[in-house]
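Have the viewer open and follow along.

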Amino acid sequence: MITIKSPEEIEGMRKSGAILAGMHVGLRDIIKPGISAWDIEVFCKKFIESKGAIPEQIGFEGYKYAVCVCVNEEVAHAIPRKNLILKEGDIVKVDTVVNYKGFMSDSCWTYAVGEVSPEAKRLMDVTKKALYLGIEQARIGNRIGDIGHAIQQYTEVENGYGDVRELVGHGIQPTMHEEPNVPHYGRPGHGLRLKEGMTITIEPMINMGSRQLAVLEVPHENWEYYISADHSLSAQYEHTIAITKDGPKILTSQDPEFDAKYL
């Protein structure tokens with residue numbers, strides 16, 4: 001069911017999103033060659049809890065960790081591992097959901113580990129811009145397909161990357177996953193019409209090569225995660241947004257001035 005949020009509920013989600021954004025800002029100083037994926041987990045869990053919030057992913061479908069940490073060709077849902085040491089030139093995606101006093105926010109960001117190749121930097125830049133192109137379409141009266149089309153046109157048609165189909169954005173609040181699904185591909189003018197008060201995530205996952213995925217199992221964890229089938233690099237950026245009469249409102253903004261350059 002799709003729920004329409006009141007201004008007070010959206011403000012609660014914004015406060016949750018500010019905590020999540022603060023975590024991501026903090027990661028800019030944490031992520032560097034030589035740290036482990038587990039170091040990211042420890043930092044994020046401590047940061048979220050220090051703000052009086054809950055890492056909502058813990059316990060979701062048996063997941064044991066505060067964040068997902070995906071490196072290079074890992075696309076989504078990978079667990080933080082103590083033996084996974086980041087090295088110069090890697091790219092790492094950190095994704096989590098924060099619950100602050102019952103209000104949810106969801107955001108993923110891709111980080112360069114030290115100096116990355118020009119090809120990796122371009123993938124990150126294109127994926128980030130695709131996120132904001134999708135957000136720009138999240139306006140009252142537009143349709144879900146308008147969001148996906150803007151992302152697909154830029155990533156696949158204009159830049160030749162693989163736009164992942166199997167994993168999509170979604171509604172959020174009062175739980176982390178609500179209707180509607182928000183694909184990152186589609187046809188303009190098709191799909192659910194957007195209404196004031198809807199809150200959704202937009203989270204393109206873009207592969208440098210093929211859009212096809214492979215699934216890997218985590219031994220002894222009863223958990224699966226996704227990698228690019230051709231082992232090409234994959235990037236992801238995600239914001240939680242609200243549909244408002246004044247246009248899309250980013251609830252997980254790390255820097256409003258930065259966001260304004262894109263929107």
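## Cysteines

First, a caveat: this is a predicted model. Going by sulfur-to-sulfur distance, with a cut-off of 2.5 Å, the count of disulfides comes to zero.

Take C44, for instance: the nearest cysteine sulfur belongs to C108 and is 11 Å away, so with a 2.5 Å limit C44 is in no disulfide. C44 is also buried, its relative accessible area being 0%. C70 is in no disulfide either; here the nearest cysteine sulfur is that of C68, 6.2 Å off. With a relative accessible area of 3%, C70 counts as buried too.

## Aromatic pairs

Now for the rings: the structure has six aromatic pairs. One of them is W38 with Y65, whose ring centres are 6.0 Å apart. Their planes stand at 90 degrees, so this pair is edge-to-face. It also ties together distant parts of the chain, 27 residues apart: W38 is in helix α2 (residues 37-50), while Y65 is in the loop between β1 (54-55) and β2 (68-71).

Are the two partners buried or exposed? W38 is partly exposed, at 26% relative accessible area, whereas Y65 counts as buried at 11%. Y65 has another ring partner in Y63: the centres are 5.4 Å apart and the planes are at 80 degrees, so that pair is edge-to-face as well. Like Y65, Y63 is buried.

## Charges over rings

Two arginines are worth a look here. R81 lies over the face of Y225, 5.8 Å from the ring centre. Over at Y185, the charged end of R165 sits above the ring, at 4.8 Å from its centre.

## A three-stranded sheet

Which strands make up the open sheet of three, and in what order? The order is β6-β10-β13, and the pairing is antiparallel. At the edges you'll find β6 (162-163) and β13 (234-236), each of which pairs on one side only.

Strand β10 (residues 205-207) is joined to β13 by three bridges, the two running antiparallel. Lying across β10 and β13 is helix α3 (residues 118-136), which runs at about 35 degrees to β13.

Methods
Residues are numbered from 1 along each chain as its sequence is written. This is a predicted model: local features need pLDDT of at least 70, side-chain atom pairs count only at pLDDT 80 or more; totals for chains, interfaces and linings use all residues. Side-chain values use heavy atoms; hydrogens and water are left out. Two strands pair if DSSP finds at least two bridges between them. Helices (H or I, at least four residues) and strands (E, at least two) are DSSP runs, numbered from the N terminus. Contact means heavy atoms within 4.5 Å. Axes are lines fitted to C-alpha atoms, for helices over the stretch in contact, and angles run from 0 to 180 degrees between N-to-C directions. Buried means under 20% relative accessible area, exposed over 50%, partly exposed in between (1.4 Å probe, protein chains only). Rings of Phe, Tyr and Trp (its six-membered ring) pair if their centres lie within 6.5 Å; planes under 30 degrees apart count as stacked, over 60 as edge-to-face and the rest as tilted. A charge sits over a ring if NZ of Lys or CZ of Arg is within 6 Å of the ring centre and within 35 degrees of the ring normal.
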